[in-house]
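Here is a briefing on strands, core and aromatic contacts. Keep the sequence and the structure in view while reading.

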Amino acid sequence: MAQYDTIPCDPNQLPYEYTIIFDEKAYTLGFQYNEYSDQITVSISDDDGLIAREPLVLKQPMFQAVHYKDRLPLIELMPIDESGNEIEVNIDNLNLTVEIADTSTDLTDAGDDDG
């Protein structure tokens, strides 16, 4: 069973963007691929424009060094590899072994009834 909810990203469609709802607000996630540096970048925008753009880094929370934090959703997105086999995010492993997870909610706790 997956530990976290994941955010879709299809490396075969790069570059592309789509609208997603976080905290009852619409955001646009954009995904690009830089062939020269072999990096996948992600951007997040709202109705007021671009909030941030950065490369996907395995096990590093996204959008942490952002000046406009008050415009970000109250979730934590992070590229993860639940198998533990990958050392980076790249075009070959994204959406296969590496997924963008909402790590603010742990699905393994959903069935616990400790109290």
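β2 and β3 run antiparallel and are joined by seven bridges. Strands here are DSSP runs (E, at least two residues), numbered from the N terminus. Two strands pair if DSSP finds at least two bridges between them. This is a predicted model: local features need pLDDT of at least 70, side-chain atom pairs count only at pLDDT 80 or more, and totals for chains, interfaces and linings use all residues. Residues are numbered from 1 along each chain as its sequence is written, and side-chain values use heavy atoms, with hydrogens and water left out.

**Strand pairing**

- F22 has K25 of β3 as its bridge partner.
- An open sheet of four strands has the order β2-β3-β4-β5, and its pairing is antiparallel.
- β2 and β5 are the edge strands, each pairing on one side only.
- Neighbouring strands of this sheet are turned by 25 degrees against each other on average, direction ignored. The axes are lines fitted to C-alpha atoms, and angles run from 0 to 180 degrees between N-to-C directions.
- Strand β1 (residues 5–7) and strand β7 (residues 99–102) run antiparallel, with three bridges between them. The bridge partner of D5 in β7 is D102.
- Strand β6 (residues 77–80) also joins β7, through four bridges, and these two run antiparallel. L77 stands opposite D102 in β7.

**Two residues of β4**

- S43 is found in strand β4 (residues 39–46). S43 is buried, with a relative accessible area of 6%. Buried means under 20% relative accessible area, exposed over 50%, and partly exposed in between (1.4 Å probe, protein chains only).
- S43 touches T28, L29, G30, Q32, L50, A52, R53 and F63, not counting residues up to four places away in sequence. Contact means heavy atoms within 4.5 Å.
- T41 is found in strand β4 as well. T41 is buried, with a relative accessible area of 16%.
- Leaving aside neighbours within four places in sequence, T41 is in contact with G30, F31, Q32, R53, E54, P55 and L56.
- The side chains of T41 and Q32 are joined by a polar contact of 2.7 Å. A polar contact is a pair of N or O atoms within 3.5 Å; within protein, one must be able to donate a hydrogen and the other to accept it, and residues adjacent in sequence count only if both atoms are side-chain atoms.

**Nonpolar core**

- The largest nonpolar core has 25 residues, of which I7, L29, F31, I44, L56, F63 and I100 touch the most other members. β2 (16–22), β3 (25–34), β4 and β5 (49–55) each supply at least two residues of this core.
- A nonpolar core is a set of buried Ala, Val, Leu, Ile, Met, Phe, Trp, Tyr and Cys residues joined through side-chain atoms within 4.5 Å.
- F31 touches P8, C9, L14, P15, Y16, Y18, T41, V42 and I100, not counting residues up to four places away in sequence.

**Aromatic pairs**

- Rings of Phe, Tyr and Trp (its six-membered ring) pair if their centres lie within 6.5 Å; planes under 30 degrees apart count as stacked, over 60 as edge-to-face and the rest as tilted. By this rule there are four aromatic pairs.
- F22 and Y27 form a tilted pair, 6.0 Å centre to centre, with 45 degrees between the planes.
- F22 is buried, at a relative accessible area of 7%. Y27 is buried, at 4%.
- Y16, Y18 and F31 form one aromatic cluster.
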